[in-house]
Amino acid sequence: MANIISDETIEYVGILAKLELDEEEKEQAKKDIGEMLDYIDKLNELDTSGVEPMSHVFPVHNVFREDVVANGDGREITLANAPEKKEDSFVVPRTI
């Protein structure tokens, strides 16, 4: 099932990938892409009717942790050294 990749296709893929390929690299890319497409054709021959679709190889359940504040934001400690402060902010000279 040899897939034939045209020079135009390789040129287009090179433009999309922002690659400058010389003639030897273009020929190698044609060969590599052809082999990948042949392998995909081979995989398409497999009977997967009894295989359940999945998004991960390993089961992943609730990978999010609980959002708990552990040490606060340290605002008081930070502002303790401020030369001038207003409410919960530093006061700095106006810049234009």
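**Figure 1. The loop between β1 and β2 in the predicted model.** In this predicted model, E87 occupies the loop that links β1 (85-86) and β2 (89-90). The phi angle of E87 is positive, at about 55°, although E87 is not a glycine. With 72% relative accessibility, E87 counts as exposed, because the cut-off for that class is over 50%.

Figure 2. K18 is located in the loop that joins α1 and α2. Its phi is likewise given as positive, about 55°, and K18 is not a glycine. The relative accessible area of K18 is 76%, so this residue is exposed.

**Figure 3. The crossing of helices α1 and α2.** Helix α1 spans residues 7-16 and helix α2 spans residues 23-44; their axes come within 10 Å and cross at roughly 100°. This angle makes α1 roughly perpendicular to α2, since angles of 65 to 115 degrees fall in that class. On the α1 side, the contact is formed by D7, I10 and E11, and on the α2 side by K26, E27, A29, K30 and I33. By residue class, the contact of α1 with α2 comprises five charged residues, three nonpolar residues and no polar ones.

**Figure 4. Helix α2 and its two sides.** Helix α2 contains 22 residues, and the distance from its first C-alpha to its last is 32 Å, close to the 32 Å expected at 1.5 Å a residue. Within α2, the residues K26, A29 and G34 are buried. They lie on the same side of α2, because the arc that they cover around the axis is only 135°. The cover over the buried residues of α2 includes helix α1. On the other side of α2, the exposed residues are E24, M36, Y39 and K42.

Figure 5. K26 belongs to helix α2. Its relative accessible area is 18%, and K26 is therefore buried, the limit for this class being under 20%. When neighbours within four places in sequence are left aside, the contacts of K26 are with I10, E11 and L21. Of these partners, I10 and E11 are also α1 residues in the contact between α1 and α2, to which K26 contributes from α2.

Figure 6. G14 is part of helix α1. This glycine is buried, having a relative accessible area of 6%. Along the chain, G14 and A29 are 15 residues apart, and their C-alpha atoms are separated by 9.6 Å. A29 is itself among the buried residues of α2, and A29 also takes part in the contact of α2 with α1.

**Figure 7. T9 of helix α1 and its separation from G50.** T9 is situated in helix α1. At 37% relative accessibility, T9 counts as partly exposed. The C-alpha atoms of T9 and G50 are separated by 36 Å, and the two residues are 41 residues apart along the chain.

**Figure 8. M54 in the loop between α2 and α3.** M54 is found in the loop that runs between α2 and α3 (75-80). This methionine is exposed, with a relative accessible area of 62%. D7 is one of the α1 residues that make the contact with α2.

How values were computed:
Residues numbered from 1 in each chain as written. Predicted model: local features only at pLDDT ≥ 70, side-chain atom pairs only at ≥ 80, totals over all residues. Heavy atoms only, no water. Axes fitted to C-alpha atoms, helices over the stretch in contact; angles between N-to-C directions. Helix = DSSP H or I, 4+ residues; strand = E, 2+ residues; numbered from the N terminus. Parallel < 35°, antiparallel > 145°, perpendicular 65-115°, else oblique. Contact = heavy atoms within 4.5 Å. Nonpolar A, V, L, I, M, F, W, Y, C, P; charged D, E, K, R; others polar. Expected span 1.5 Å × (residues − 1). Buried < 20%, exposed > 50% of the residue type's maximum accessible area, 1.4 Å probe, protein only. Arc of directions from axis to C-beta.
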